[in-house]
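User: Take a close look at one helix in this model, please. Then set it against the rest of the prediction.

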Amino acid sequence: MAKKTGTKKETSASKFKLPSFKLSSQQKLIFGSLFMLLGALMFISFLSYLFTNKIDQSIVNEFPNRTPEAQNWTSLLGAWISDIFITKGFGIAAFIIAGLIILTGIYIALDINKSKLRSHWIWGLLTVVWLSTFFGFFAHHIGFLGGVIGYESNQLLQDYTGKIGTVFILLFGLIVFAAIKLKFTAETFVNWFKRSKRAISEDFKNNEEETVVAFDNNLSDEAQQIKEAYLKNNTEEDTNFDLEPEIKVAKPKTETAKNEGNDNELSIEIEAIKEETSETDNLASKLVEDFGQFDPTLELSNFKFPPIDLLKKYDTEGITINQDELEENKNKIVETLSNYKIGIDSIKATIGPTVTLYEIVPEAGVRISKIKNLEDDIALSLSALGIRIIAPIPGKGTIGIEVPNKKPTIVSMRSVIASQKFQKSDMALPIALGKTISNETFVVDLAKMPHMLMAGATGQGKSVGLNAVLTSLIYKKHPAEVKFVLVDPKKVELTLYNKIERHYLAKLPDSEEAIITDNNKVINTLNSLCIEMDNRYEMLKNASCRNIAEYNAKFKARKLNPNDGHAFLPYIVLVVDEFADLIMTAGKEVETPIARLAQLARAIGIHLIIATQRPSVNVITGIIKANFPARIAFRVTSKIDSRTILDNSGADQLIGRGDMLFTQGNDMIRLQCAFVDTPEIEEITDFIGSQKAYPDAHLLPEYVGEESGTSLDIDIADRDQLFREAAEIIVTAQQGSASLLQRKLKLGYNRAGRIIDQLEAAGIVGPFEGSKARQVLFTDLASLHQFLDNETA
Ligand SMILES: Nc1ncnc2c1ncn2[C@@H]1O[C@H](COP(=O)(O)OP(=O)(O)OP(=O)(O)O)[C@@H](O)[C@H]1O
């Protein structure tokens with residue numbers, strides 16, 4: 001019964017299947033030469049027809065009659081075909097048709113890309129129509145020049161537009177041809193005109209010069225005699241022989257003579273190196289010329305970035321200078337230092353949003369370490385929390401004392417997003433983190449970091465920091481360019497981003513919620529990202545690219561064929577809020593893929609941001625730390641925590657509420673994190689969520705955990721049409737890889753991946769083994785066929 005339904009399905013499917021025109025090499029040769037010979041035969045007939053058409057005129061209408069003898073070189077058939085194509089058809093433009101048929105034969109025989117052939121045919125036929133209409137003008141003099149079609153079309157145009165109109169229409173056709181096919185522009189003509197003008201004037205000049213040289217030659221005999229006489233007496237080679245200016249003009253002649261004289265010297269043969277332009281390059285530039293660069297944003301071309309007005313302005317924004325406070329702090333610093341016998345040469349204040357930096361130049365002879373050791377005493381005297389002493393300020397010969405402002409100002413997300421620095425940045429993943437102590441907007445490129453660790457005690461601004469990162473990316477990057485994988489074990493921090501799931505989020509194929517709150521799912525997602533990473537590396541390798549930027553540029557330039565499994569790759573940003581919680585519950589299972597991603601994913605555009613409120617060494621392990629050079633520390637409670645995050649103290653002296661230290665491996669920068677509140681995020685996500693979206697979130701590759709092998713139960717009826725063919729390829733090659741199917745069956749990556757899954761479900765290939773190809777469980781085609789036939793029986 002099962003078999004019956006199966007066959008029924010098959011027959012109905014095959015009914016609608018287009019015949020496949022895949023020819024074997026022998027068939028290509030047979031059909032190719034058939035076309036070539038046919039075209040050549042037509043060409044010879046047409047040529048002969050030009051001389052014999054009058055004689056053969058009477059017999060062409062009696063084609064079935066074998067008796068009359070035609071004068072055409074290819075006899076009756078030639079006369080008849082020529083009559084149809086030339087006289088009754090397109091006139092002498094019919095030669096182009098013969099040419100096109102020959103060309104078709106060549107393309108088939110040599111198996112050249114058929115898309116070019118299609119274009120040759122389209123342009124060829126248009127030229128035929130144009131030429132025959134053009135020759136239609138002269139139909140009264142030589143009848144077959146334009147043929148009946150040419151004559152009629154010309155007449156039609158003349159009836160409606162007159163002779164002048166017809167000429168204009170034909171001229172327009174010519175311009176269209178020149179512009180589209182020959183890529184002419186108005187400049188081409190202008191340049192031509194200029195060049196020909198220049199050529200004329202150069203000709204004119206050359207003529208003038210020739211007369212001068214001729215004149216020189218007249219004189220040169222005499223001059224030469226003088227020179228020879230002189231040289232006889234002066235054998236020195238470097239004689240500065242300054243003759244009349246006429247001799248200088250003739251100098252090239254002397255040089256040639258010199259070269260001729262050195263016959264037995266080795267001559268250098270210079271081989272012109274041909275520029276290597278591969279066929280794909282030509283095809284790519286042709287595609288780019290025809291369709292423009294590939295635009296990844298095309299599917300959501302009407303997508304509107306959220307307007308800046310969705311972000312709030314704050315009353316406490318903008319720095320106000322409190323002169324009294326400045327004076328007071330300055331006096332306190334000078335006084336404290338003088339108590340410890342440290343003299344000051346000069347002091348300068350830079351007012352930031354939360355702290356003011358006092359830059360001190362100590363008197364000559366004061367040891368820097370002495371000031372550094374007095375940090376706590378100075379802080380006590382200034383009676384302020386959050387004093388940080390930077391001794392010395394890197395790159396400057398001064399000592400910095402950061403003192404918190406009495407009235408800190410908020411750095412709004414709006415102000416950093418609107419800043420020129422952010423708006424004009426051309427970074428791959430720009431992040432406007434906040435403002436520096438000198439009140440400059442601080443923008444960094446996540447792609448260069450390439451991963452970020454964010455830590456700080458609870459309530460010090462981590463979630464706001466993560467939101468600032470996400471908001472920056474959303475304001476600058478189209479949904480096609482960046483995707484977020486959000487992990488939020490706290491279940492409340494990132495839920496708002498659910499609304500932009502189909503725009504900006506990526507998720508596992510089988511999961512309902514894009515934002516991951518369940519720790520088990522995190523493990524699957526991280527492993528899936530590892531698969532994505534391996535896939536992307538494979539794609540990069542096949543495209544001979546070193547990183548995602550190169551790859552995407554190549555893809556946009558249409559140098560990579562989507563049929564070979566290539567696709568535009570969006571950046572993927574993985575955000576983990578509360579990493580400590582994950583490590584506590586899942587330990588190694590999480591740490592291993594995170595470490596793998598952190599070590600390898602930078603080149604292929606996967607970037608990690610992990611945040612934790614417990615910066616202890618068992619959470620931020622050595623391996624994690626080694627791979628997260630960019631670190632952000634909000635306020636922490638102890639020096640030890642600060643050292644765990646930054647490898648340095650300082651984070652314990654911050655004042656909280658977005659006050660942070662940022663390091664990218666070397667210097668530490670104190671920043672005030674940009675503030676973005678939940679209602680603002682809500683408005684932004686509402687704005688984006690209400691726009692047209694992709695059908696689904698960006699799907700990550702499926703990852704099947706060790707214990708859950710059952711999700712691969714794929715119904716036989718749901719199998720891909722190419723399932724059997726794919727199985728045969730895999731068994732023949734004894735290599736279970738999706739890329740093999742991609743190449744052999746010319747499939748996209750996703751379809752090849754699905755077929756591999758189906759093959760696994762059918763027990764033809766083994767399970768996924770990381771970067772290794774899957775094991776093939778059938779050794780020969782016979783056993784495979786037997787298995788497949790039994791399956792459907
Ligand atoms: N950049 C900032 N500017 C001004 N205020 C801020 C800033 N960042 C945080 N705050 C204030 O601190 C509060 C707590 O911030 P946030 O929720 O980001 O802390 P957290 O570190 O994520 O805490 P938890 O770990 O408990 O989630 C905010 O509600 C806000 O009032």
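Analyst: A residue counts as buried if 20 or more other C-beta atoms lie within 10 Å of its own. By that cut-off, the buried residues of helix 19 (residues 548–556) are I548, Y551, N552 and F555. Seen down the axis of helix 19, these residues fall within an arc of 95°, so they line one face of the helix. An α-helix has 3.6 residues a turn, so residues three or four places apart point the same way.

What does this face meet? The buried residues of helix 19 pack against helix 18 (519–542). Just after helix 19 comes R558, with a positive phi of about 60°.

Now the wider model, which is predicted. The protein chain has a mean pLDDT of 79, and 81% of its residues reach 70 or more. Among the elements, strand 10 (residues 571–576) has the highest mean pLDDT, 94. Helix 8 (residues 245–249) has the lowest, 33. Over residues 1–20, pLDDT stays under 50, and the model has three contacts beyond four places in sequence for them. Residues 707–711 also stay under 50. Where pLDDT is low, the predicted coordinates should not be read in detail.

The predictor gives the complex an ipTM of 0.96 and a pTM of 0.57. Around the ligand stand 14 residues, the closest being G461, K462, S463, G658 and F675. Helix 16 (residues 462–476) supplies the largest share of this shell, three residues. By class, the shell has eight polar, four nonpolar and two charged residues.

Terms used:
Residues numbered from 1 in each chain as written. Predicted model: local features only at pLDDT ≥ 70, side-chain atom pairs only at ≥ 80, totals over all residues. pLDDT = per-residue confidence, 0-100. Helix = DSSP H or I, 4+ residues; strand = E, 2+ residues; numbered from the N terminus. Contact = placed C-beta atoms within 7 Å. Near = placed C-beta within 6 Å. Nonpolar A, V, L, I, M, F, W, Y, C, P; charged D, E, K, R; others polar. Buried ≥ 20, exposed ≤ 12 C-beta atoms within 10 Å, placed from the backbone. Arc of directions from axis to C-beta.
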